[in-house]
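Subject: A structure for you to look at

Dear colleague,

I am handing over a structure with this email, and I would ask you to open it before you read the notes that follow.

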Amino acid sequence: MDFNLTKEQLELRAIIRAFAQKEIAPYAAELDRKAKFPAEILKKLAALGYFGMCISKEFIGLELDAVSQCIVIEEVSKACASTACCLAAHASIGTFALRNYGTAAQKQKYLPILASGEMLACFSLTETNAGSDAANIQTISVKDQKENNYTINGHKIFATNGRYADMITLATTINPELKHKGVTLFLIEKDMQGLKIGKSADKLGLRATDNCELFFENAKVSAENRIGDEGEGFKILMEALDESRILIAAQAVGIAQQALELSIEHCKNRMQFGKQISDFQATQFKLADMATGLEAARILMYKAAALKDELADKKDDKEKNADKSFTKEAAQAKLFASEIASKITIEAIQLHGGKGYLRDYPVERLMRDAKVTEIYEGTSEIQRLVIAREMLKEDNNSNNNNNNNNNNNK
Ligand code: CAA
């Protein structure tokens, strides 16, 4: 077991950390206060190649391994969680379906310009009645065989990057009664006729991200823009969420790291009863719990990412890996990291005392930003459900294998 990052990963961390602290952190408070989309910062991240961090070199991407993607998102999140969210929504979940299930023509057309940042991507699944119950999508796509196109009608909410996106990975259904078997994905360009951008959500945290409504009114999209087969969309969405949940863990770890560092600094500088409050055992116990929880979250995040990388390396060995996935590990990383980030940021406010409650200090923003990591891309309750299902499946498989071995030995 090797807990060390490689030389390349350490170098990447030093580079992205220096960039994030210089070019992102100084603007985070203002972006949050004004709920301003970080367009200029995103342009700089795109110029450095990070928009293409999940895209293969063949399509001019950086093709970073999953552990390195976590490093990037953690460091950006430590500086500004909103910016990290915009980046991850574009680089990971916004492009997943295209990267993994797009046709050669779709990939050639879109991936290089998504990697360069000429286009910003968005992923749109959520609807008023399709949140945790992702199979309950009502946005309908009806095929016209003669025209070889689909007509889309429906209403989406919370589309991250939605207002600013040039390309949307859109989840529809060909028939709501089919539930998950009807889910069908499309690549939508923003200037499509029949697409209207609605209100952006006014949120507690991640205020500099955009989460807006999308209305589709008899919007026509060519069948060439469908990703995967009709009805194949649900499986693709679930796989996209598996990938992306590791990066939500990275967002939470970055927020928590910042909260811990600010708390240590504050406790060493704050004098009460004639000494630094870091000299009090009550303070030390809080800091110790925060640091330990954070370390555990980071290890779970790296474990899930390393498993994803391992399975990707072995993807040609299909038969051996047919039943292997990182679904459980991704859900565990997201669940633990998001819940501990909320706890750590609340403790950070407590350690800062009255100052922690003020808008003038960053810890209250960290607490607001941490909370949503327990909610979006699957609530903590959904992560627990996914973990339990995967665990029970593993247990059934191992019982079946044992029974088979016993029968063979007879
Ligand atoms: N990988 C591949 N396939 C998977 C899978 C995975 N991780 N999980 C499920 N599937 C497959 C199943 O094998 C099954 O396939 P078959 O038809 O071949 O049997 C099929 O998908 C249906 O699976 P389930 O029966 O388990 O489906 P379900 O309806 O019970 O739902 C769920 C399962 C885990 C609850 C799922 O609905 C889920 O993850 N819900 C949460 C969705 C979510 O995260 N929503 C928010 C994301 S968007 C967002 O947050 C927007 C934003 O940016 C603000």
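**Overall build**

With 410 residues, a compact globule would have a radius of gyration near 22 Å, and the chain agrees with this because its own value is 22 Å; the radius is taken over C-alpha atoms, and the globule rule is 2.2 Å times the number of residues to the power 0.38. Please bear in mind that this is a predicted model, in which local features need pLDDT of at least 70 and side-chain atom pairs count only at pLDDT 80 or more, while totals for chains, interfaces and linings use all residues. Residues are numbered from 1 along each chain as its sequence is written, and side-chain values use heavy atoms, with hydrogens and water left out.

Along its principal axes, the C-alpha trace of the chain spans about 80 × 65 × 40 Å. The chain holds 13 helices and ten strands, which are DSSP runs numbered from the N terminus (helices are H or I with at least four residues, strands are E with at least two). Of the 410 residues, 53% count as buried, where buried means under 20% relative accessible area, exposed over 50%, and partly exposed in between, with a 1.4 Å probe and protein chains only. Among contacts (heavy atoms within 4.5 Å) between residues at least 6 apart in sequence, 74% join residues at least 24 apart.

Glutamate 75 has its place in helix H4, residues 66-79, and it counts as buried because its relative accessible area is 1%. Leaving aside residues up to four places away in sequence, glutamate 75 touches Arg13, Ile16, Arg17 and Ala20.

Cysteine 85 is found in helix H5, residues 81-93, and is buried as well, with a relative accessible area of 4%. Its contacts, again without residues up to four places away in sequence, are Thr160, Leu206, Thr209, Gln251 and Tyr376. Cysteine 85 and isoleucine 248 are 163 residues apart in sequence, and their C-alpha atoms are 8.1 Å apart in space.

Alanine 240 belongs to helix H8, residues 233-269, and counts as buried at 3% relative accessibility. It touches Ile93 and Phe96, not counting residues up to four places away in sequence, and its C-alpha atom is separated by 9.8 Å from that of phenylalanine 123, which is 117 residues apart from it along the chain.

**Two loop residues with positive phi**

Lysine 179, in the loop between strand E4 (167-173) and strand E5 (183-189), has a phi near 50 degrees, a positive value in a residue other than glycine. Lysine 179 counts as partly exposed, at 36% relative accessibility. Phenylalanine 273 also has a positive phi, of about 50 degrees, although it is not a glycine; it lies in the loop between strand E9 (271-272) and strand E10 (275-276), and counts as exposed at 79% relative accessibility.

**A pocket to look for**

Which helix gives the most to the lining of the second largest pocket? It is helix H9, residues 281-313, with eight residues. The lining has 16 residues, of which Asp2, Phe3, Tyr302, Lys303 and Ala306 lie nearest the centre of the pocket.

With kind regards

Conventions
1 Å grid on protein atoms, 1.4 Å probe; cavity = no way out; pocket = protein on both sides within 12 Å on 5 of 7 lines; lining within 4 Å.
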